[in-house]
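Here is a short report for a first look at this structure. Have the sequence and the 3D view open as you read.

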Protein chains: 2
Amino acid sequence: MPSKKVIEKWHEFANGLNDESKLLDLLADDACFLSPVVYSPQIGKELTYKYLCAAANVFKGNNFHYLNEWIGENSAVLEFEATVEGVTVNGVDMIFWNETGKINQFKVMVRPFKAINILMKLMAEQLMK
Amino acid sequence: MPSKKVIEKWHEFANGLNDESKLLDLLADDACFLSPVVYSPQIGKELTYKYLCAAANVFKGNNFHYLNEWIGENSAVLEFEATVEGVTVNGVDMIFWNETGKINQFKVMVRPFKAINILMKLMAEQLMK
């Protein structure tokens, strides 16, 4: 699937961070989520969805916006920034998709150290809900 | 300058991680380095060079290799992996250059958390030398 289309759909979700059905439709059954914190992937559509929804809830209302994007044939890197509890969070969403245009890998990296600490705490709170 | 050229030159340096004169020639006078740990940039060619050399020393002999790259007009993202003290370090080099093909911003993000901790320690040791 043309890369533009996948990333356009991702932006539709990311712009509002609130229509989670849009997100579900974007994920492949074998999707996995790779977090900034843990090396092992979270495997499967359900877990990937859960982590991305938790992240969306953490960033909602915190001036989440994209700064740059680099688009390849079956993958893209989107650089973002947000301000969470007064700390600037700068990161990348690294999105990989299959030939049917469904996201099969979603990896996140974040800087600086202070931002990772805050996200660890807030993600844990979201995931325990 | 065509992006291929800048990234080719970067790879020439990164392949060996040992010819530091190649690196110096690649940097703009107003270059800055943005670390995975601290938000504030390290400003100037000299400091950027110092940080990149420290990183090269940390990764040397630790199976540093690139996994993926996304190339834009004046910037690129290179995903890398290495194994440092038994811990897998997965990261991105986010490289931006000016119209003369000199790198003016070099940003690094790293995952997982364990990897950031190890790099913080080893980078500090290198920078204090």
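A residue is buried if 20 or more other C-beta atoms lie within 10 Å of its own, exposed if 12 or fewer, and partly exposed in between, with C-beta atoms placed from the backbone. Asn63(A) has 11 such neighbours inside 10 Å, so Asn63(A) counts as exposed.

This is a predicted model: local features need pLDDT of at least 70, side-chain atom pairs count only at pLDDT 80 or more, and totals for chains, interfaces and linings use all residues. Residues are numbered from 1 along each chain as its sequence is written, while chains are lettered from A and ligands numbered from 1 in the order in which they are written.

Helices (H or I, at least four residues) and strands (E, at least two) are DSSP runs, numbered from the N terminus. Asn63(A) sits in the loop between helix H3 (45-59) and strand S3 (65-71) of chain A. Glu85(A) lies in the loop between strand S4 (75-84) and strand S5 (87-97) of chain A. Glu85(A) is exposed, with 11 other C-beta atoms within 10 Å.

In chain B, 6 strands form an open sheet with mixed pairing, in the order S2-S1-S6-S5-S4-S3. Strands S2 (42-43) and S3 (65-71) of chain B are the edges, and each pairs on one side only. Two strands pair if DSSP finds at least two bridges between them. Strands S4 and S5 of chain B run antiparallel and are joined by 10 bridges. Leu78(B) has Asp93(B) in S5(B) as its bridge partner.

The bond from Arg111(B) to Pro112(B) is cis, with omega near -10 degrees. Pro112(B) is in the loop between S6 and H4 of chain B. In chain A, the bond from Arg111(A) to Pro112(A) is also cis, with omega near -15 degrees.

Finally, the two chains meet. Residues are in contact if their C-beta atoms, placed from the backbone, lie within 7 Å. Chain B gives 18 residues to the contact and chain A gives 18 residues. S3, S4, S5, S6 and H4 of chain B each supply at least two residues of the side of chain B that touches chain A. The copies meet through the same surface, because 100% of the interface residues of chain B are also interface residues in chain A.

Technical notes: Two residues are in contact if their C-beta atoms, placed from the backbone, lie within 7 Å.
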